[in-house]
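User: Please take a close look at one part of this model for me. I would like a single connected account of it.

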Amino acid sequence: LKNGDIAMYQAKLDGKHGYRFYSLAMDQAVERRMHLEHELRGAWARGELDLVYQPVFRMEDNRLTGVEALLRWQHPVLGAVAPSVFIDVAEQSGLIDTIGPLVLEAACRQARAWQQALPAAAGLFVSVNVSPRQLRSAGFADEVRRALAATGLDARQLHIELTETAVIGDELRVGELLGGLRALGVKIWLDDFGTGFSGLSHLRRVPVDGVKIDRSFIADMLRDPDDLALTSAIISMGHSIGITVVAEGVETEGQFDILRERGCDLGQGYWLGHPLAPRAFEDLLR
Ligand code: C2E
Ligand code: CA
Ligand code: CA
Ligand code: CA
């Protein structure tokens, strides 16, 4: 991080607020963010960013049906940076515009390679997280088409995971965009479902193929009757409108059993399988 960068940032703050404020904690947070942004810029090219894959199972018969691609950043000095931190930096700085398409294509390529090489992976889907800014970028639909064409993955085996915040506000445009992707066969899942305020009403306007129940509900389900009631309600609501319901963060057999009993379609979580590097995942498939 160059001193000039900080000076420029301070000058911007001065201009905006008309005064210069000194808060050590704030300076440090800003500085850390700028440092991360700077380091993240060349991280993909330096091979510091990698995808790991977490298995997704059909609950009815415990069959592996797909994987969720999750991005990891191993920095040579900082070590492993939490995805919640660096994804946010990428989103705020615009770096997601370059990282997003690379992730999408890499995940499609990996899924296709597994389908071709391993009998247990025939028909395996890959689920890719897409952030709000990425979804709203003008070329997103083309980005998806390009990744499919470049890798030969069947569109039906690509799932896009969006959070509610990504679809809020611009429902008409987002609805149109998602409609176009669904016409190709790509499936759309709403991630962290249940944490937003108006989950149900969005489902009327934004076409989705499935919802992923947020793991906070799954975590408290066996202790908190409200969370169990909500989880059950999401499952039956989902089924009544014909969409797939996925539970994430399944950490115990007790949670798995009750979800299966309530008819939840798919499950994902440490009890079923941790996110794995490709090599380790291949061993599992064999
Ligand atoms: P997410 O999409 O909700 O991903 C699931 C997170 O839960 C992952 O954290 C996963 O490792 C973790 N997890 C899985 N099973 C369990 C479990 O049984 N218990 C608990 N406590 N956690 C479990 P991770 O990998 O740290 O990712 C955090 C978030 O970062 C993701 O949340 C997603 O929003 C974002 N993210 C990760 N990779 C990407 C990416 O390639 N693009 C974008 N836009 N966002 C990503
Ligand atoms: Ca996700
Ligand atoms: Ca989630
Ligand atoms: Ca609770």
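Predicted model: local features only at pLDDT ≥ 70, side-chain atom pairs only at ≥ 80, totals over all residues.

Analyst: Residues are numbered from 1 along each chain as its sequence is written, chains are lettered from A and ligands numbered from 1 in the order in which they are written, and side-chain values use heavy atoms, with hydrogens and water left out.

D192 counts as partly exposed because its relative accessibility is 25%; buried means under 20% relative accessible area, exposed over 50%, and partly exposed in between (1.4 Å probe, protein chains only). D191 counts as buried, at 8%.

The calcium ion (ligand 3) has D191 (OD), D192 (OD), E248 (OE) and E248 (OE) as protein donors, 2.2 to 2.5 Å away. Donors here are N, O and S atoms within 2.8 Å of the metal (3.2 Å for Na, K and Ca); water is not among the atoms, so sites may look incomplete. Along the sequence the donor residues follow the spacing D-D-x55-E.

D191 also bridges this ion and the calcium ion (ligand 2), the two lying 4.1 Å apart. For R215, the corresponding side-chain distance to an oxygen atom of ligand 1 is 2.7 Å. Y270 places a backbone N or O atom 2.7 Å from an oxygen atom of ligand 1.

Notes. Polar contact = N/O pair within 3.5 Å; in protein donor to acceptor, adjacent residues only side chain to side chain.
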